[in-house]
Structure formats: C-alpha cells, structure tokens
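Visitor: Please walk me through the pockets, strands and helices of this model.

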Amino acid sequence: MTGPLRAALVDYLSLRRALGYRLDRPEKLLNQFLAHLEATGQDVVTVKHALEWAQLPSNGASNWWGYRLSVVRGFATYLHALDPAHQVPAAELLPQRPQRATPYLYSTADVAALMAAASSLSTPLRRTTLTTLIGLLAVTGMRVGEAIALDRTDIDLTTGRLLVRYGKFGKTRELWLHPTTLVALKRYQRLRDRAAPATGTAAFFVSAAGTRLLYCNVHHTFHRLVALAGLTARSTSCRPRIHDLRHSFAVHAMIEAYHAGQDGQARLTLLSTWLGHVDPANTYWYLSASPELMNLAGLRLEAHLDGRP
C-alpha cells in the first residue's frame, strides 16, 4: 500500500542513510508499524498506536519492546516536524535497559561439532554453505553480516586476500586467509557453481535458491545446529550465538599470543584493526569474558612487576 506515510518513510530513510546510517532492521520494523496503522485505518502516528504496536509480541522482552518504540520515536520525530498532528512517544515510555549478553566462547571442538551438525541439512549446497560459513567466521572473526555481504570478487582465492567492503560504520578492511581456509573456500566455490541455480547473483555465499543469504535464515539455521551439536546455555545470559564465533576468535588470538610470549599490547592493536573496531577499548571488552585469558594477563603482569621475563 502506498500513501503519505509510506512516502514519508522513504524520505526519512534516505535522509538518515545520507548521514551514514544503514537502518536495515529499522526499515523492516517501520514498514511493519505502518502496516499495523493501515490495518487499523490510521494515517497519523499516535502514542497509543505506537505503544500498542511496540508491545508485540505480548510475551516479548521489555528491551525488545523498548527498541521497537525507539525506532518509531525516531520516525515520529521526523513526521512531527512536518505535521504537528503526529505524536512523538516520550523517551520514558518503555525505556531500554541495555544488558550485554555474556559471550559464549566456543572451543575448537565446539566449532567442529557445529560444522558436523550441518551434515543434517537437506541438500549438499546448504550443508556446504553453512559448514563453510561457520568455518570462515571462526577463523577470521568476521561479523555475520560482513560474511553474508561478500561478493565473489571480494575473495582472491589465489593470493588469499579477502576484502570486507560493508563493515560497521561503512569501514573497509582487508584480511589475509590461511592456506587451509583457501582450500575450504575453493571446495565450496566448486560445489556452488555446480549446484546453485544460475541467478546472476554476485554473492559468494548463496542459498538453495541461488540468492544471497539472509541473516534471519542463517540465524535460524544456526540455532538448529547448536541444538544438534549438543551445545547448551552456560547461564541465562550466556547462550550460544553465532556472533560469539567472533568473540571466540578474538580470545583465542590473544591466548595464542600470550603462550608464544608475544607483546600482548601489540597483538591487541593488530587484533582491533583486524576486527574492524574503531577503538581498541571495544576489542578489550571482547576479551574480558575469558577467565583463561585474564589469568594469563595477570601472570604476565606479576612477572613484569617482579622483573621476570
């Protein structure tokens, strides 16, 4: 359905994206919100209807409700500037209380179990796609969205160079792949070119339909693989997530550096650049969840204070 609100949403998203915001999830949510208004015959944003929609599903988490309302609030503020008839929900309504999940640090055996669980998927292409994707995330620490966004031309399977063009905040960076990773990617490429429908997509990783992977589908499948691999939550805030492959990569990289007697600060600076972090402080938070790593760091500090190597 088209209408003034739909047209205003297009303008709003264009304006925000011109300022550097990606807005993939807000765009999806705002389209759902407008569909809700249309279903109830509303053409003006009101606090009542914003709250009504934001608190869906009824058994949802309060932080999720708060996020949904915050998305509407931004759009409603834009609309209110054009027409005061539109109401802006107050910031005190459904406030978000950010609570970072505790990273689930995967062992090498955990990653192997996840990749083995992918053998249960329905087709050879799906099995190999998920196995290769999980492996690439585990050995590079890439974000899931970055891996899904890879085009075929972004990976040079001869030199081992991988170009991340759609990093956070629009940052671009280069990664260099281990020869064993290149072997796995070449194996996937051969199967993909033989088994995937010819759709003309530029995507490196493709679905069974030959199209670029969708995050929601990857996320759903990953949770199936977690269950099949027998991985369980370690606490209410520490559950196996696909993003935690990134945390695990960072922790293992630092543990290897400490065991090899390397300069931890130099490795941390390099790791921060590799992961595409704006500030090394963001990388440090990735590392603070590992007792083993904190113990190694503590031992090195004690040795330094005692004047030992």
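Visitor: How do the residues of the lining of the second largest pocket divide into nonpolar, polar and charged?

Guide: This is a predicted model, in which local features need pLDDT of at least 70, side-chain atom pairs count only at pLDDT 80 or more, and totals for chains, interfaces and linings use all residues. Residues are numbered from 1 along each chain as its sequence is written, and side-chain values use heavy atoms, with hydrogens and water left out. Ala, Val, Leu, Ile, Met, Phe, Trp, Tyr, Cys and Pro count as nonpolar, Asp, Glu, Lys and Arg as charged, and the others, Gly among them, as polar. On that basis the lining of the second largest pocket has 17 nonpolar, 12 polar and 3 charged residues.

Visitor: Which helix gives the largest share of the lining of the second largest pocket?

Guide: A pocket is an open set of points on a 1 Å grid over the protein atoms alone, with protein on both sides within 12 Å along at least five of seven lines; lining residues have an atom within 4 Å of a point. Helices are DSSP runs of H or I with at least four residues, and strands are runs of E with at least two, numbered from the N terminus. Helix 5 (108-117), helix 6 (124-140), helix 8 (179-195), helix 10 (244-259) and helix 11 (264-275) each supply at least two lining residues. The largest share, 8 residues, comes from helix 6.

Visitor: Which residues line the largest cavity?

Guide: A cavity is a set of grid points where a 1.4 Å probe fits but cannot get out. The largest cavity has a volume of about 30 Å³, volume being the space filled by probe spheres set on the points, which are joined across faces, edges and corners. Its lining divides into 5 nonpolar, no polar and 3 charged residues. The lining residues are Glu146, Ala149, Leu150, Asp154, Leu163, Val164, Arg165 and Tyr166.

Visitor: Which strands stand at the edges of the sheet?

Guide: Two strands pair if DSSP finds at least two bridges between them. The 3 strands form an open antiparallel sheet in the order 1-2-3. Each edge strand has a single partner strand, so one side of each is left without a neighbour in the sheet: these are strand 1 (155-156) and strand 3 (173-176).
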